[in-house]
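Please keep the sequence and the model in view while reading.

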Number of protein chains: 2
Amino acid sequence: MSKFDVPYKIYLDEADIPSSWYNVRADMKNKPAPLIHPATLKPLKFEDMQPIFCDELIRQELDNDTAYIPIPEEILNFYKMYRPSPLVHAVFLERLLDTPAHIFYKFEGNNTSGSHKLNSAIAQAYYAKKQGLKGVTTETGAGQWGTALSMACAFFKLECKVFMVKVSYEQKPFRREVMRTYGASVTPSPSMTTEIGRKINAEHPNTTGSLGCAISEAVEEAVKSEGYRYELGSVLNQVLLHQSIIGLETKAACDKYGIKPDVIIGCAGGGSNLGGLISPFMGEKLRGEADYQFIAVEPASCPSFTRGKFAYDFCDTGKVCPMAKMYTLGHDFIPSSNHAGGLRYHGMSSILSQLYHDGLMEARAVEQTSVFEAAEQFARVEGILPAPESSHAIRVAIDEALKCKETGEEKTIIFGLTGTGYFDMTAYEKYNDGTMTDYIPSDDDLAKGFACIPDVKL
Amino acid sequence: MSKFDVPYKIYLDEADIPSSWYNVRADMKNKPAPLIHPATLKPLKFEDMQPIFCDELIRQELDNDTAYIPIPEEILNFYKMYRPSPLVHAVFLERLLDTPAHIFYKFEGNNTSGSHKLNSAIAQAYYAKKQGLKGVTTETGAGQWGTALSMACAFFKLECKVFMVKVSYEQKPFRREVMRTYGASVTPSPSMTTEIGRKINAEHPNTTGSLGCAISEAVEEAVKSEGYRYELGSVLNQVLLHQSIIGLETKAACDKYGIKPDVIIGCAGGGSNLGGLISPFMGEKLRGEADYQFIAVEPASCPSFTRGKFAYDFCDTGKVCPMAKMYTLGHDFIPSSNHAGGLRYHGMSSILSQLYHDGLMEARAVEQTSVFEAAEQFARVEGILPAPESSHAIRVAIDEALKCKETGEEKTIIFGLTGTGYFDMTAYEKYNDGTMTDYIPSDDDLAKGFACIPDVKL
């Protein structure tokens, strides 16, 4: 049936786990714009970031030149607990769609954190430990990143303080308990334990919180706590670097079995999974060695790429973080409450923003009922219950495969299946009950968010 | 550090998935006692079971002689979606315990049903489809089996009616939604849709249900519905046959890497996982080719092996099922409500009961707070959040490894890690909060259950 003589699931050998991360910035002609200081508007230097981030992670953040950065042995040992992750040939999905397309997915959900976030969490925890720190702070929205960092900190015996967006804290008690089982402290955000939290609570007494607000609290907490630093699960250059392990393994599996992808698809919230998955393929494209079609998929309710502005903006609501040049809906933008799951960040990775701006990748916005329809189709034949975030990529992979059915093209499609949906059953319940709704912000809605984007002239 | 030069995770190749199941009954000198008809006390014949079970599954149930039964190709293709499952070398647990013991675990949680139950579910759904049936009924307690059968039925486009123990239906809405996502109908038990359900509701208006009661309802529903049969996830000989895939893969991985287990440990509720894991090793022991120590681990709150009676008893509360000879606490026995997770069945597989009775395996009963203590230790170093059921096996594996630390013995321990705990966070929350309690039934408590065991003289 297939032109590929490949196993259903391609598991590379442990020895095939890449020994270096790949830094796509090294091959970018137009480098991503640097983080800048909101007061001086000057690019942040190493020393500026030291109160917030671990030293080695700052070096990685600033390094636009080194293509391959070796993965320390302790991190590689941890990776062996759940990597290489499988590249799965979606034969049952192909059969269901009756398409000539060949569909593969890189599955990152087979670890307890349930997503790809663990790839960067273990690296960030390692560098914190190596620097002799006592602990780290972070924020979490849907909960994957908080879970991943809790696991990583338990492994390296670091303290971990998680600020969890209040609405998730209340609606996802199980996520909270997983983090507590791994020894993390979990505080609903906005809290009364930080200055910014108290301020937000005073101004918006009934707020259920947002990611941008939880980031502000976590950064404040890190800066004021002795022996602590802040860690972030997406958006940053360092995170995309760590996540390149996804793409490197995918490429190795493709090379081993002669699979040449035409289209590579990933969901995009802050960009960590998409950036990681496409990195080595994008490197080939940037170096003129091969060509691929890259598609970022985002929710229509939070359309940073497809309807956002490419501008310098704050990374957080409380404006305690530096500013990044990125596709943004404005740091005050909060997606409609009917939106399920993650991918609700107002901004986007600077690396991906630059690549998108330069026409090297495309973006699509999809509505959530059609996303859950794809999720259900996929779950029933492929046997994995996908996370709502990952299901955005499934939606577009199915759309592309159905196009091939019309045109007769035998394209090879790879998408990133970033995680599992076990903690997202409330959203599935809405879909099963037929009460899930879609929301597309009007131009007026977006204009309100755009209004808060500062007018930065460098 | 280790005497084994093995990868952290041993993944066999797809081609190494066993092509036959192994039927341990073929090598048992004392065969398990047959199911008998409660009225005639005569062994059930093929025709007696036809209204309840699929024909091919009855053949497997009755077959005490065929050692290897080929796995149909359609089932093998489904197995390829999540098998071979990894045999993991627990290097980080070994290091934590500072033990000379070598610890391995066979991980069956890496599929969406979250447990080993899928191994038998897909087989049972396949035979139902092959027989041209319209659908199947079943019961589920903790929810793993119901999820697994829903997935299997979605794959073969069969209807699936699940009777879910009422207390789980209410406390585990996410489990319910996973089943609904896979297209199953889920009814809280006792319901008002069956005669036995109405009877139980009338007699016990506030009952939160039990597994034995849900079994009665599912059987009644299957018998009265055109084109339906009943399917069961544990206890039966056919289920242990399907689950032998766990042990066969474990043995293949051991043989490939020269691992010779001294102790093999599994949790035991109805016995499906333990029976599957130990089958091929038990076969060697029965044939005098090798010796192993087998340990069944059960909750102290539901101690079928360690404190039950070896006798003919009903498999269900409503007494609509046949009688089986097994270690039983009495078909009216319901474990204390403080008991978390599964392993709450009053009886036990007839095969395992016979093996235990013949002194071929041991059993231990453990209390749940010590089980969750082991679960947390394991989760923090091995990166997998274990199901409460599986954590019973972890508890005894750790105990055995700590004994080795005292004696200096370099034993090799293998245990079955049957599943993940994502849907059991309410129990973890109790443990994290320090409000989890233990319960050991008194002799008087047990005497009440024993009183309902019929006095069968054959």
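## Salt bridges across the interface

Between chain B and chain A there are four salt bridges. The model is a predicted one, and the distances and areas given here are computed from it. One pair that can be inspected directly is A:Arg176 with B:Glu429, whose closest N and O atoms lie 3.0 Å apart.

A:Arg176 and B:Glu429 also belong to a network of salt bridges, in which they are linked with A:Glu177, A:Arg180 and B:Asp433. Polar contacts between chain B and chain A, counted where both residues have pLDDT 80 or more, come to 25 residue pairs. On the side of chain B that touches chain A, the elements that give two or more residues are helix H6 (144–156), H8, helix H15 (368–382) and helix H17 (425–433) of chain B. The residues of that side divide into 21 nonpolar, eight polar and twelve charged.

## Extent and symmetry of the contact

The contact draws 41 residues from chain B and 41 residues from chain A. About 4000 Å² is buried between chain B and chain A, and carbon and sulfur atoms give 58% of this area. Of the area that chain B buries against chain A, B:Phe174, B:Thr181 and B:Tyr422 supply 18%, which is more than any other three residues.

How are the two copies related? Chain B can be laid on chain A by a turn of 180° and a shift of 0.0 Å along the axis, with an RMSD of 0.0 Å. The two copies are therefore related as by a two-fold rotation axis. The same surface serves both copies, since 100% of the contact residues of chain B recur in chain A.

## Salt bridges within helices

Over all chains, the count of salt bridges comes to 50. In chain B, B:Glu177 and B:Arg180 form one of them, with the closest N and O atoms 3.1 Å apart. Both residues lie in helix H8 (residues 173–181) of chain B, where they are three residues apart, or about one turn of the helix. B:Glu177 counts as buried because its relative accessible area of 0% is under 20%, whereas B:Arg180, with a relative accessible area of 27%, is partly exposed.

A:Lys224 forms a salt bridge with A:Glu221, and the closest N and O atoms are 3.9 Å apart, a value to be read against the cut-off of 4 Å. A:Lys224 counts as partly exposed at 47% relative accessibility, while A:Glu221, at 10%, counts as buried.

Which parts of chain B does the salt bridge of B:Glu249 and B:Lys106 link? The side chains of B:Glu249 and B:Lys106 meet at 2.7 Å, N to O. This pair links distant parts of the chain, with B:Glu249 in helix H11 (residues 237–257) of chain B and B:Lys106 in strand S5 (residues 102–107) of chain B, 143 residues apart.

Are these two side chains buried or exposed? B:Glu249 counts as buried at 0% relative accessibility, and B:Lys106 is likewise buried, with a relative accessible area of 1%.

Technical notes
Residues numbered from 1 in each chain as written. Chains lettered and ligands numbered in written order. Predicted model: local features only at pLDDT ≥ 70, side-chain atom pairs only at ≥ 80, totals over all residues. Heavy atoms only, no water. Buried < 20%, exposed > 50% of the residue type's maximum accessible area, 1.4 Å probe, protein only. Helix = DSSP H or I, 4+ residues; strand = E, 2+ residues; numbered from the N terminus. Least-squares fit on C-alpha atoms with pLDDT ≥ 70 in both. Contact = heavy atoms within 4.5 Å. Buried area = accessible area lost by both parts, 1.4 Å probe. Polar contact = N/O pair within 3.5 Å; in protein donor to acceptor, adjacent residues only side chain to side chain. Nonpolar A, V, L, I, M, F, W, Y, C, P; charged D, E, K, R; others polar.
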